[in-house]
Amino acid sequence: MASMVYQLYRQLKTSGARATVRRHRRIRRRRNSGATLFFVNDIVRVNLVLAEGPARSGVYNVGTGQARTFNDVAKIIIARLGSGAIEYVPFPSSLAGKYQSFTQAELSSLRSAGCAESFSSLEDGIAQSIDAWNRE
């Protein structure tokens, strides 16, 4: 499945008008609800840092450590493209209780492993991605 950033980008590029964002009751009530989104270049940098350092093993969360909403993603893409609007649709009741409505990377293990890399902001990651997709 393609990332939400790419899906919303393609939706706006294809329709020229609307990005569809599903609304879930819990997401609307929590100010910082959303997903931890990350830029692939950051993942590559973290892998290189860990590969070049001393041997270690573990499972590490990688991300900004800040939850952002799909609404944020849509707004950033629309601003970058210079046009479009968000269309809100109800969250499917069939997915109630099956959808993880909040994620936020916990970075303490990554930091303890010696990786102090900073991560791209959502705005910067989306801008770089859109620039690359527009060159295709």
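Helices (H or I, at least four residues) and strands (E, at least two) are taken as DSSP runs and numbered from the N terminus. The model described here is predicted, so that local features need pLDDT of at least 70 and side-chain atom pairs count only at pLDDT 80 or more, while totals for chains, interfaces and linings use all residues. Residues are numbered from 1 along each chain as its sequence is written, and side-chain values use heavy atoms, with hydrogens and water left out.

A salt bridge is defined as a side-chain nitrogen of Lys or Arg within 4 Å of a carboxyl oxygen of Asp or Glu. By this rule, five salt bridges are counted. In one of them, D42 is joined to R45, with 2.8 Å between the closest N and O atoms. Both residues belong to helix α3 (residues 40–52), where a spacing of three residues separates D42 and R45 by about one helical turn. Accessibility is classed by relative accessible area (buried under 20%, exposed over 50%, partly exposed in between; 1.4 Å probe, protein chains only). D42 is buried at 1%, whereas R45 is partly exposed at 32%.

R45 also forms a salt bridge with E117, the closest N and O atoms lying 2.9 Å apart. Because R45 lies in helix α3 and E117 in the loop between α5 (108–112) and α6, this pair ties together parts that are 72 residues apart in sequence. E117 is partly exposed, with a relative accessibility of 23%. A further salt bridge brings together the side chains of R80 and D131 (2.7 Å, N to O). This pair links distant parts of the chain, with R80 in helix α4 (residues 70–81) and D131 in helix α6, 51 residues apart. R80 is partly exposed at 40%, and D131 is partly exposed at 31%. Through shared partners, salt bridges join D42, R45 and E117 into one network.

Aromatic pairs were assigned to rings of Phe, Tyr and Trp (its six-membered ring) whose centres lie within 6.5 Å, with planes under 30 degrees apart counted as stacked, over 60 as edge-to-face and the rest as tilted. The count comes to three aromatic pairs. Y6 and W133 form an edge-to-face pair, 4.8 Å centre to centre with 70 degrees between the planes. This pair links distant parts of the chain, Y6 in helix α1 (residues 4–15) and W133 in helix α6 (residues 122–135), 127 residues apart. Y6 is partly exposed at 29%, while W133 is buried at 19%. Y9 and W133 form a tilted pair, at 4.9 Å centre to centre and 40 degrees between the planes. Ring pairs link Y6, Y9 and W133 into a cluster.
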